[in-house]
Amino acid sequence: MTLPIGPGLLDTLGRPLRNLRVSVTDRCNLRCQYCMPEEEYAWLRRADVLTFEEIQRLVEVFTELGVDKVRLTGGEPLLRRDVPDLVRMLATLPAVRDLAMTTNGVLLGDQAVALKAAGLHRVTVSLDTLRPERFRALTRRDSYAAVLRGIEAVRAAGFPSLKLDTVVIRGVNDDELVDLVEFAHSIDAEVRFIEYMDVGGATHWSREQVVSRAEILERLAARYGPIEPIREETSAPAERFRLRDGTTFGVIASTTTPFCRTCDRSRLTADGTWYLCLYAQKGVDLRTPLRDGASRDELKALIASGWTRRRDRGAEERKELEVIGVRGVLVQIEGLRQDPRLEMHTRGG
Ligand code: SAM
């Protein structure tokens, strides 16, 4: 069966299906206070976790519907055994123009070379602080030195670019904006400041702790002088800016300035549930049809029907709640225990 659809599949708001984030595990070796505040979790059943072959098969179907950017995430993607093998399998798909990974960097020191050799194009390392003591308090693990080694290894492995993602939280790390800009510049990387989001998992979230894009820019301008926005035609979540000396950085302002109107991202959990919005409460089960022997066209039809009906604009709806003064935690811990797929660490950031 040939479907009358192909690259260019649009949702109800005219947004294309282009960007797929694939969570390869829900396990993580850090316990960041804003993401995994608990120590123990209701984990996905191991038998439900997709094999590399299953992930490759699904990603291939997605590429036939327009996806050309794939990002591996988690949990911590490097905790999944032999993840360079998965990278190699995805890198063979000709339609995948951009193959990236978001990692906390703890295990990168040993794996950066293998990931580059396997065909990974880009790496983003999450790094919220440059102070070892603060790192320990925030992540509840003593892995700061390992992350720095991981960052060095990315550079040594020859990846052409490196991004550092920092979630900015008032009273936690908002005094490090300048230090992080300087550090990124010193290693030829680009830092992106992410507004603290009220996603699943963020059970301690409060509006007061959000440092807005406006405030981030104001604080950096106080130090560096005028900041110039970089105009780009892109659906990327980060807006980029340039300092007078040419240093660039990004801000991801999904909490105060949602970008739902251009969002072409969807997310596949490690157990094959497909979410069309980071804030969505329900996903599409792709594992069951896949394991029941669905043909490529049947999987394609399932995905196409989900995307063409997509009307999600989760971040905008969350922001609208502020008007009536009820924006708070998205899902309380009991709800997260009942459905672990609602967690940020399960659906990937
Ligand atoms: N373990 C990997 C890592 O640390 O990059 C990948 C998964 S992690 C869930 C992906 C990203 O989501 C990280 O950059 C993390 O900081 C971000 N994140 C988690 N909770 C967040 C929140 N409440 N607000 C904003 N970003 C968040």
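Student: At what angle do helix α1 and helix α9 pack?

Tutor: In this predicted model, local features need pLDDT of at least 70 and side-chain atom pairs count only at pLDDT 80 or more, while totals for chains, interfaces and linings use all residues. Residues are numbered from 1 along each chain as its sequence is written, and side-chain values use heavy atoms, with hydrogens and water left out. Helices are DSSP runs of H or I with at least four residues, strands are E runs of at least two, and both are numbered from the N terminus; axes are lines fitted to C-alpha atoms, for helices over the stretch in contact, with angles from 0 to 180 degrees between N-to-C directions. The axes of α1 (residues 52–64) and α9 (residues 296–308) lie 10 Å apart, and the packing angle is about 65°.

Student: Which residues of α9 make the contact with α1?

Tutor: Contact means heavy atoms within 4.5 Å. From α1 come Arg57, Leu58, Val61, Phe62 and Glu64, and from α9 come Arg296, Leu299, Lys300 and Ile303.

Student: Which residues of α5 are buried?

Tutor: Helix α5 spans residues 144–157, and buried means under 20% relative accessible area, exposed over 50% and partly exposed in between (1.4 Å probe, protein chains only). The cover over its buried residues includes α3, β4, α4, β5 and α6. Those buried residues are Tyr144, Ala146, Val147, Gly150, Ile151, Ala153, Val154 and Ala157.

Student: How many disulfides are there?

Tutor: A disulfide is a pair of cysteine sulfur atoms within 2.5 Å. The cysteine sulfur nearest to that of Cys260 belongs to Cys277, 6.3 Å away. The sulfur of Cys263 is too far for a bond, because its closest cysteine sulfur, in Cys260, is 6.8 Å away. The count of disulfides is zero.

Terms used
Expected span 1.5 Å × (residues − 1).
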